[in-house]
Amino acid sequence: MSVSQVAPQPKKQRPPPKPVAVASIERVTPGVLRIAFVGAGLDAFAQARPGAHMKLFFTAGEWPPAGIENPPRPPSRTYTPRRYDAAASRLEVEFVMHGAGLASDWAAQAKVGDPMLISASPGGGYQAPEGISHLVIIADDSALPAAGMVIESLPSGVGVTAICEVENAAEERPLSPRVNCAPRWLHRETGNARPGSLLETAVAGMATLPADAHVWVACEAAAMRHIRDNLAARFNLPRARLHTRGYWKFGDQNYPDHDYGED
Ligand SMILES: Cc1cc2nc3c(=O)[nH]c(=O)nc-3n(C[C@H](O)[C@H](O)[C@H](O)COP(=O)(O)OP(=O)(O)OC[C@H]3O[C@@H](n4cnc5c(N)ncnc54)[C@H](O)[C@@H]3O)c2cc1C
């Protein structure tokens, strides 16, 4: 069979979303809710790599709807499985209440017992390479859960520099309850800054990087690209030492950023 005659591959069937329910809701800061999920949908939940992500699916009624074969999956958003306790079969997710949005609105109105659908196999994430001596973390509010997972995964003795952008001082929160890390906090309310612009300015103002530092960046997509270009140009950082992800895009709903900066 020639190349042009290659038989079409059957479309890979994604596993259906799994049902869970809200077990508890905790206000972490005025703008962040920590929501814990329990339920049968966690039976097959795979332990996540540090900073991994999963999908949450939002549906008004029963899913799958009765009588429909292969129903389309409900609208979804991407979140960090911040803490999964396999023994208790309990999963915590931290939601930034950024304003109007399917997920943000859902979280703002969530009650104990509310149903949710999740993907049970978290993907992506960042495993710090062996021998790493210093990690620079640059994150906005949406990426603080992932940043917390990443620093908790680092071998002891690895230095951490963290620069984090949030709305205001009330939104500052420990990246981890276990690992001591004192981020430099940037507040958007000062001059109503565009999301990510304070991170851009802070990175542009960095005169040096710690020797052999690796850098982990996760924030608004345009700011991430600006920061990545700046770091690559000024410090000649090899790609292997620069891990960058756009977590959302200003003005776009459910923005999927697949630009990982890999050639
Ligand atoms: C790998 C990964 C992990 C993530 N983990 C988390 C997490 O743990 N917690 C978390 O809160 N978010 C996380 N996010 C970000 C989250 O997926 C987006 O913020 C998502 O768009 C929220 O959906 P929504 O329905 O609330 O808003 P959407 O319907 O997607 O967007 C509506 C409007 O809100 C704006 N918007 C979206 N997100 C934000 C924001 N954070 N701040 C300001 N404006 C925003 C959009 O630009 C748009 O104009 C993660 C994203 C990725 C890619």
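Reader: As I understand it, helices (H or I, at least four residues) and strands (E, at least two) are DSSP runs, numbered from the N terminus. With that in hand, where is the place of N254?

Author: N254 sits in the segment after β12. The model is predicted, with local features needing pLDDT of at least 70 and side-chain atom pairs counting only at pLDDT 80 or more, while totals for chains, interfaces and linings use all residues. Residues are numbered from 1 along each chain as its sequence is written.

Reader: And what is phi like at N254?

Author: Phi of N254 is positive, about 45°, although the residue is not a glycine. N254 is partly exposed, with 13 other C-beta atoms within 10 Å; the cut-offs are 20 or more such atoms for buried, 12 or fewer for exposed and partly exposed in between, with C-beta atoms placed from the backbone.

Reader: Which loop holds N236, and is N236 exposed or buried?

Author: N236 belongs to the loop between α4 and β12, and it is exposed, having 7 other C-beta atoms within 10 Å. Its phi, near 55°, is a positive value in a residue other than glycine.

Reader: Changing topic, what is the order of the strands in the open sheet?

Author: The open sheet has seven strands in the order β4-β3-β7-β1-β2-β6-β5, with antiparallel pairing, where two strands pair if DSSP finds at least two bridges between them. β4 and β5 (83–85) are at the edges with a single partner strand each, so one side of each has no neighbour in the sheet. From one strand to the next the twist averages 35°, an angle taken between N-to-C directions on a scale from 0 to 180 degrees, with axes fitted to C-alpha atoms and, for helices, over the stretch in contact.

Reader: How many bridges does β3 make with β4, and which residues of β4 and β7 are the bridge partners of L56?

Author: Strand β3 (residues 54–57) is joined to β4 (residues 76–79) by four bridges, and to β7 (residues 115–118) by two, again antiparallel. L56 has R77 as its bridge partner in β4 and I118 as its bridge partner in β7, while F57 is opposite L117 in β7.

Reader: What about the loop between β3 and β4, where P64 has its place?

Author: P64 lies in that loop, and the peptide bond joining W63 to P64 is cis, with omega about 0°.

Reader: Which strands does helix α1 lie across?

Author: Helix α1 (residues 102–109) lies across β2 (32–38), β3, β4 and β6 (90–96), and its direction makes an angle of about 115° with β6.

Reader: How do α3 and α4 cross, and which residues meet there?

Author: The axes of α3 (residues 197–204) and α4 (residues 221–235) come within 9 Å of each other and cross at roughly 5°. These helices are therefore roughly parallel, the word for angles under 35 degrees, with over 145 being roughly antiparallel, 65 to 115 roughly perpendicular and the rest oblique. On the α3 side S197, L199, E200, V203 and A204 meet A223, H226, I227, N230 and L231 of α4, contact being C-beta atoms, placed from the backbone, within 7 Å.

Reader: Which residues of α3 are buried, and what do they pack against?

Author: L198, L199, E200 and V203 are buried in α3, and the buried residues of this helix pack against β8 (134–140), β9 (159–166), β10 (184–187), β11 (214–220) and α4.

Reader: Finally, in which sense do β11 and β12 pair?

Author: β11 and β12 pair in the parallel sense over six bridges, among them the one in which C219 has G246 of β12 as its partner. Six of the seven residues of β12 (residues 242–248) are buried, so this strand is largely enclosed by the rest of the structure.

Notes:
Contact = placed C-beta atoms within 7 Å.
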